[in-house]
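Work through these exercises with the model open. Try each task before you read its solution.

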Amino acid sequence: MDSRIIKEEAEEAALASLLPPPPHRKTQSFNQQFGEKPPHHQIRKHSLEEVPISSTLASATEAVYFDSSDDEFSTGGAVLSGDSFFDGSSAGEDYSVVTPPPNIGDDSVEPLPEFIGAGGGAGIFKVPVRAAVHPGRPPCLELRPHPLRETQTGRFLRNVACTEAQLWAGQENGVRFWKLEEAYVAGRGVGGKVERGDEDTAPFRESVTTSPTLCLVADESNKVLWSGHKDGKIRAWNMDQHDDDSDPFEERISWQAHRGPVNSIVISSYGDMWSCSEGGVIKIWPWDSLEKSLLLKPEEKHMAAMLVERSAIDLRSQVTVNGTCSLSSSEVKYLLADSVRAKVWAVQSLSFSIWDARSKDLLKVFNVDGQVECRVDVMPSIQDQQVDDEMKLKFFSPSKKEKPQGFLQRSRNAIMGAAGAVRRVASRSAGAFLEDTRKTEAIVLAADGTIWTGSMSGQIAQWDGNGNRLRDVNHHHRPVLCFCSFGDRIYVGYASGYIQVLDPDGKLIASWVSHNEPVIKLAAGGGFVFSLASHGGVRGWYVTSPGPLDNIIRTELSRKESSYARQDNVRILIGTWNVGQGRASHDALMSWLGSVTSDVGIVVVGLQEVEMGAGFLAMSAAKETVGLEGSAVGQWWIDAIGKALDENNTFERMGSRQLAGLLISLWTRKEIRTHVGDLDVAAVPCGFGRAIGNKGGVGLRIRVYERIMCFVNCHLAAHLEAVNRRNADFNHIFRLMVFSRGQNLSNAAAGMVQFLFMSCSLGLSTYLFWLLYSSGLPWALSLAAGVSTAAYTLKTTTSPSIGTEEAKSDLAAADMIAFFGDFNYRLFGITYDEARDFISQRSFDWLRERDQLRQEMKAGKVFQGMREALITFPPTYKFERNRPGLGGYDSGEKKRIPAWCDRVIYRDTQSSPFSQSNLQCPVVSSVIMYEACMDVTESDHKPVRCKFHATIAHVDKSVRRQELGNIIRSNEKIRSILEDLKFVPETTVSTNNIVLQSQDTVILTITNKSTSKAIYSILCGGQTIVRDDDGEESDYTPRGSFGLPRWLEVSLGGGIIKPEGSVDVKVHHEEFYTLEEYVDGIPQNWWCEDARDKEAILMVNIRGSCSTTWTSHSVKVRHCYSGRVCLLDPKPTNLTKNLGGSRRHPTDTRRGKSR
């Protein structure tokens, strides 16, 4: 953890006191005990200096803690002392041959002895240490644990909105909400009435099916949740849903707001709803029409929709004069209601516009650099269009007089033409593509009234309320996707899964990895800051974090580990075969795989040389460049293997990945399918120029019982003498294999840049092709080399930059890694005849000492710290095809020495052999089968199969959430800390009665009498028409989100009051005229002046800098139209919001400003 994370001394002490994982204890799970036995063998420790260690990762003497049950793939986390763990740092040799304990599993299958390589205690090859509770980040409430991606098709959560009592989420098929008072309740489980993926989710209610929900806004004054949808509709949902009704709830009203998707909704300071969509469209829905529609009965929904649709005000049309518009026609992505100054910000990709919330006038248009724009949208001129058409005609229409050209000449002309087109586009755009990383992706209003925006580059900008840029900060290089403010803190969510906490000056307070995927939304309420990840998981972070509360919760949860720890067993079959561009019979596949799957839950198959040849390799490299992969031959193999595994009846295909001749595919048994998912793929070429896929690795990553397993199929460099190259290939694959994890978030912004660069790289590849072909190299090989250069250059240049927080290996963070394939390590110091003699005598012990791979692993140069079962089968290479038995070894002119080229090597979470499975060592595996199928003769290699027995410890997250709730309710220290959060600074207001006449202004002074900061916000609890004749008490009606009446202006409507300081707020009356009816935004009758006396209740809400409650001063404001003397009730209606024991302080009753 970076030392810059915590700035305040108290918080530094809190995080510095992170506790190590608790000692091993017996854990009850599914009628099994997690036994604690001493290891059978003590491994000898050694640290090899020649093993490269990444400077951005933990050193060999530090233990890096992860909690993969909390969905962490990253190697970031708290760094603790590793004295009590095996760290491989002491002198000696750390390779060894060990024998696992007997009686693995229910059928008493004996595990095989294993060889363990050296160097596993250093750098990225160090076994990640797990913990029952993640010590590298604050404890959290897992409201919705990370669901498997496969269960969320059509149901992904996309946004959240929070009140003090509820958390609402918009999903692809509607909305849902949680009651925060039920946040710690256990999920409904597999047998409950929930969809897959929500078995451990806290109880929630779901709506009827709708179009995907794109945005949410909560209106607490009217107990309504507004949602904008992809189909262009806006829907209203009642917050007060009946608990006894388990059926999906329906919307209150809905109407067609836009032709395109509704990107964002806000409610302005005056209660009007603003929405935006494609084409630069911004519409206002006046509160008067919304209020009327909400009062209609459910059977009058159609009439309510018509009423609202007729009232729309199209702002774009208001600023369009003679066909020209001062706004860009690009998509309006976000809106922000500035409640401090009664303005609304509209955010487009590279520009902002500021509007007056009361008058609806456009105040300012400026770009992301803060420069004012005088933008005019006009259609392209006819002359420009004619030029474009002429260019297209010249480029795509060859002259009829031209003679037929050869292949090379046509290729040259095509490339030159493409280069010219790219050059013209680039010259016209004048660097527009470089601005993509400056695109605004998030915006938030801070407590002090400043506006913060975040861009794709990770830069955060602070603006004042008038659009003047104040400062830039950059604490992380990944895209900023969301903001949230609570108290005086600003929370930032990144595409990397990080959450950062900033103070009002933009200084970094704290940072942690909240999810293993991008954080797409943040929302605050109920004492939490909730984060939503792109996979649909929702976590609640206590607003006190980081702080003393974290250590208490972490310690208490660790003590209760036995209540939520669970254990499951699964057997994994891995098969590897270099098929030599051939095909296999069904009988061969049954002999290899189908005959040994009766007790297997997961099958992983890796093939090499599925299809080779220079032409295929060139085409494969070209397809990889544009994100395509696979071939017809590869699909044939997948289908054939699936048939041998009884696919669709017994096993289900999960996914596959092909890189040229390398193919990997995975199947899972249907009985455990609900516990296996989140499949990701990766590929790393190691062939010519590190770009051709004849050599390299393809990988799959999956979650099995909440633990991460990676399987990598490799084909390393050939030939006896290429040992160092094989070692380098492995190192290259291990460090550079990156599995897909939402990279489209950053790639989308750079898509056109990639297109332009690819065009240039293809030009370079064509030049290389021409050069090689001219020198006499066959055209196919020349083409392969050229295309591979383009592919490699494009990938290395356009890949996202990696900083210290992301400079890690995906493989290093996995709970289990299995490498398999044709590693091509040979037997050395032995002749062909000697090898044949030893093989015929089955003297494999002596041959193993001549194995290059074993010698390299002993030296810690490859597969550092990984394990392989002792080989007891004959070498699998090289055979003559269709010749059975050991007599089939190559007897041709070359007489290649037999070798164990085809291998399976793995690593789990054991730091020493052989540990017991628990939450600190969650995956414990052993090999129970490792053999070659010598009867299969379709290739010059023999297929190899390896069966693992894996014991997996994981967390019952529903039970752990219950235990967390019990801790929060019962622990006195925690209750005391939470009670302290209810503290609200003592404040006074200069008056609680204000009388205004036409254009009057009164200064309301708010004084902070405490020694801590106070945060204030001013809302309107409601307004009424004064009636002097009936003597009845006035009925105050609130506008949307406690908006102000149009005749009243308050400035500034919010901010921070320094300790023992005060602020002056202007309360001003402004002339207001009513308009009874709109039709399509056009007034249908005359404006008329409202001559009645009106009265409103202002609520001055006061919070502390981190308060979970607030107090409110009520200030009655009356406008007397006639100018007569108005007598106000000295005891105004009490609209104080008083939650959780917050305190109300007395207020002055003097009119006007006072000190």
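Two strands pair if DSSP finds at least two bridges between them. Helices (H or I, at least four residues) and strands (E, at least two) are DSSP runs, numbered from the N terminus. This is a predicted model: local features need pLDDT of at least 70, side-chain atom pairs count only at pLDDT 80 or more, and totals for chains, interfaces and linings use all residues. Residues are numbered from 1 along each chain as its sequence is written, and side-chain values use heavy atoms, with hydrogens and water left out.

**Exercise 1.** Find what stands opposite Ala236.

Solution. Start with strand 15, residues 233-238. Four bridges join strand 15 to strand 16, and the two run antiparallel. Now look across from Ala236: Ile253 in strand 16 stands opposite.

**Exercise 2.** Which strands stand at the edges of the sheet, and why is one side of each left without a neighbour?

Solution. Write down the order: 13-14-15-16, an open sheet of four strands with antiparallel pairing. Strand 13 (213-219) and strand 16 (253-256) stand at the edges.

**Exercise 3.** Which strands does helix 2 lie across?

Solution. Locate helix 2 at residues 287-295. Helix 2 lies across strand 13, strand 14 (224-229) and strand 16. Its angle to strand 16 is about 130°.

**Exercise 4.** How many helices and strands does the protein chain have?

Solution. The count is 20 helices and 62 strands.

Methods
Contact = heavy atoms within 4.5 Å. Axes fitted to C-alpha atoms, helices over the stretch in contact; angles between N-to-C directions.
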